[in-house]
Amino acid sequence: MEWLFILGLGLAVAALTGRLRIVERKIAELQAQVLTASAFREAEAKHTFVDHDQVREDPTGGTPALKFEPSDEALESLPSAGAAGGEEPPQDVEPRPALARPSIDFEELFGRRLPIWAGGVALAVAGVFLVRYSIERGLITPLLRVVIAFAFGIGLLAGAEWAYRARDRVSDPRVGQALAGAGLATLYAAFYLAGTQYGLIGQTLAFLGLATVTAGAIGLSYRFGFPSAVLGLVGGFAAPALLGGEDANLPLLALYLGLVTVGLALSGRRQQRPWLGIAALIGGLGWGAVLLAAGRFGTSEVVALGLYFVVLGAVLPSLAEAPRFARWLRLAAALAASLQLALLVDSAGYSLLVWSLYLLLGAALAALGWRKPELREASALAALVALILLAQWPGAEPTTFALAAAGLAAVFALIPLMHVWRGAEASNDPWQLAGSVYGVGLVAFLTFGDITTDRSEPFLAFGIATLAIIPGAAASRVHASPDTAPLALFGATAAALLAGAGLLVTPAWLAPILIAPLGAGLLAAFDRRREMPLRGVLAGACIAAALPLLLHTRSEGELLRLFGTGGRGFDAIGGMRWLAPAALAAAFAWREPHETRRRLGEAGAVVLLYGALAQLLPRELLSWSAAALAIAANRALPARRAAAWAALALAAAWTLAPLARWLNAGLGSLHGLPVFVTALPAPSAVTLYLAPAALALALVRLPRVRRIEAAVAPAIGLVAAHILFKQLFAIADASGFVARGLAERTLWEALLLGAAIAALRIRPLSLALAAAALAHFSLYTGLLHNPLWSTQAVGGLPIFNLAFAAYALAMAAALWLRRQTEPRLAPVWDGGVMLLASIGVLTLLRQAFAGSLLTAVPMGQAEDLLRSLTGILLALVFLWLGSRRRERSWRLGSLAIMLVAVAKVFLVDAAGLDGLLRVASFMALGFSLIGIGWVYARQLRTAVAR
């Protein structure tokens, strides 16, 4: 036990030494400033004035100051001048200490400062060891030992008083401080030994003795200062532990701790020692936690602890002044006391007694904050802890719960209402008011209410509706205030409580229909107000009205109806549930001035209206209803673009499933897989899903997205047309694809090209359709399913067959694109036409030898020779066309085909011939080459002449 006092005294000495060092440093600085000012005054008496023209202006705009230059004698008179010249400074002037790194005088520290404090500690330790020695040696009886200890402690206090009264002769206040600290420590030890070690006095009497010493220490701190205050702090909170605090009389112990804590806080405030009040508060709260851990409280213990926590959480922070940490000290104390009281409420079984003690804490905080608004933040923390405690109340009995909830609302909501009503509210008062009543109502609703059934609970509904009176009254008071945030907060809280009350006495499915009128009421009340907080509340009301659509047992079926997969038939209740929030959102959007919120309201109203229609209409009409909404919104309300956007998005959403199926089949076709009619959406999907979206995209006018609409609408229409077109041939297997595949593709390409010609006035669409026709032929007929290497029926008639039609159609598309595009692209299209014509002629030649299936018969030698001859003839035709059209691209194409044909003759054809056939072949080739050369020469000369 003695080491506890030794440690406390050591800490006191260390802290006091640091404080004395700071004071002495300040004194030294002041002395140096006084000496420097005196030296400059002496120098000023010897200065030399300059001319009037050398008077300098003060840069701050004040009165001009005379500029003077001290003489050498004046400079020598300064304290630093002599040192600079090698002379010693005056003996009676102490050098100014350096501020950055103060020097430590060994003699000063160990000769003058520490011995006094060491002596005080030694006296205290001597008193402790004197008692201990007497115990170990048995020199005197225990009673006499304790008497000697008391006498020694009282003697030390008497010596401290003598030193204080004779301070003129002692000349050092630390002597009295040391004697007082040693005397108090000795008396602490004496009471501890008398009560605990020997049992000479009872525990209660020993405890009262220690309390008396603590009170004496607090009192002596006004006379002797720091050491007594530290001993009062350490000894006051250590005394219960020394005497078995956990087993002591708890009410008495709580009273003692409260008095010690308040006394130390008052002492710290009067002595301007903030640390003393903070330390006292920490010690008191620490003891509160220890006492709570004991558990098993009776009525007297509960009352004592509750009052103790009220003192710590409300009264003490107002007494402990700490300017730098005042706010955080108040909040920390209120939070800690609230949590400890909450634990007490939980430990005591949530009885009305402990709830009353918690309400007493709230009332105390409210009373202190009545004239000091800065103290009201602590009340808000206590309210938050109370709501959390109320929410986790297990098995709450309705009557007790109602009384506790009413008390919380009265303390934490009515008092802020009074502040609002008299116009003296702090920044947190509106939030505390709204949060308290809403929290109490919400906890009551979640604890006893049940919105999943249609059970009526009128008493609970009445209580929650009554709570709405508080924010309603506050809203009526601040309705004309320029600061609209409180009005928005109060209005939203009152509406939410009324909605909760209504839900408790109405069927659960009626929630959207019940909340929507409340939102409409707020809209009417705030209609002429344009401030952001109020508009935010109205937007929140729209969301609150729509939210129950997702939470009822009906919600799943109603949501599935939006996608056409829910129940079928006319659902009047579902329609009303969706129509009510739709009407509220539409009203909000109609009156909302802010663009973003207005557009969100428009979109929400359209979506909710579509939801209502989904409950009333068969699924076959849902896509058409969305398209109709988009067209109607765009035509009737052209400025409400968000509404048309939302409806258009709904209509487009219906196209996703059929488009995905069509796209999946199309991606497979890129790998050479035939697109069978069974892999595509049914024709009904076109009329039910694709056609409405395409129609809406074509008719709706949205300026910023017109280009997107102009591209998407024809794309969807093209997909729909393709699906319907595939039904004509109904190719469902491989045999059907062989027999009718080329005919189907050719007809489709012809339709695309015909649509391009028909849409000539819409130039982008016309070019896109013609390019689609050519691309479709190039990919599928020209590459993947070309009859030359893929089994495709072209027809039995020579020349007039599907191959001729397919290639003629492709060349027509290329020529069409050549006419419609820029002239610089003409050579590209000419090359394409020549390539198509060459492959087409070879395909027709192959059909003349093989029949309808070009891959059924192997190619013979005669056909191979005719291929070479055909190439040469094509080259000549292209050359003639180039000459007639005066276009170099055709001449170059002719030359390229001619070179390919000649190379084939030399490298392939001639290698398989012999005899006269070989001679005839080369002769024909020779004459042909001569003729071609002659023709080219003439063409080139003609081109140069031109």
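A charge sits over a ring if NZ of Lys or CZ of Arg is within 6 Å of the ring centre and within 35 degrees of the ring normal. Arginine 477 does this in the predicted model shown here: it lies over the face of tryptophan 421, at 5.1 Å from the ring centre. Arginine 422 does likewise with tryptophan 370, where the distance from the ring centre is 4.2 Å.

**The chain as a whole**

Let's step back for a moment. The protein chain has 37 helices and two strands. It runs to 946 residues, and 44% of them are buried. If you take the contacts with a separation of 6 or more, 70% come from residues 24 or more positions apart.

**Aromatic rings**

Searching the whole structure turns up 11 aromatic pairs. A pair of aromatic rings is described by the distance of the centres and the angle of the planes.

| Pair | Centre to centre | Angle between planes | Type |
|---|---|---|---|
| Tryptophan 393 and phenylalanine 401 | 5.6 Å | 35° | tilted |
| Phenylalanine 401 and phenylalanine 448 | 5.0 Å | 80° | edge-to-face |

Why is the pair of phenylalanine 401 and phenylalanine 448 called edge-to-face? Their planes stand at 80°, and planes over 60 degrees apart count as edge-to-face. This pair also ties together distant parts of the chain, since phenylalanine 401 belongs to helix α16 (residues 398–421) and phenylalanine 448 to helix α17 (residues 429–448), 47 residues apart.

For phenylalanine 401 the relative accessibility is 3%, and anything under 20% counts as buried. Phenylalanine 448 has a relative accessible area of 23%, so it is partly exposed.

**Two helices side by side**

Now for some helix packing. Two packed helices are described by the angle between their axes and the distance between the axes. Helix α18 (residues 458–467) and helix α20 (residues 485–503) have axes that come within 8 Å and cross at roughly 170°. That crossing makes α18 roughly antiparallel to α20, because angles over 145 degrees count that way.

Which residues make the contact? On α18 they are Ala461, Ile464, Ala465 and Leu467, and α20 brings Leu497, Leu498 and Ala501. Sorted by class, the contact of α18 with α20 has seven nonpolar residues, with no polar and no charged ones.

Note on methods:
Residues are numbered from 1 along each chain as its sequence is written. This is a predicted model: local features need pLDDT of at least 70, side-chain atom pairs count only at pLDDT 80 or more; totals for chains, interfaces and linings use all residues. Side-chain values use heavy atoms; hydrogens and water are left out. Axes are lines fitted to C-alpha atoms, for helices over the stretch in contact, and angles run from 0 to 180 degrees between N-to-C directions. Helices (H or I, at least four residues) and strands (E, at least two) are DSSP runs, numbered from the N terminus. Angles under 35 degrees count as roughly parallel, over 145 as roughly antiparallel, 65 to 115 as roughly perpendicular and the rest as oblique. Contact means heavy atoms within 4.5 Å. Ala, Val, Leu, Ile, Met, Phe, Trp, Tyr, Cys and Pro count as nonpolar, Asp, Glu, Lys and Arg as charged, and the others, Gly among them, as polar. Rings of Phe, Tyr and Trp (its six-membered ring) pair if their centres lie within 6.5 Å; planes under 30 degrees apart count as stacked, over 60 as edge-to-face and the rest as tilted. Buried means under 20% relative accessible area, exposed over 50%, partly exposed in between (1.4 Å probe, protein chains only).
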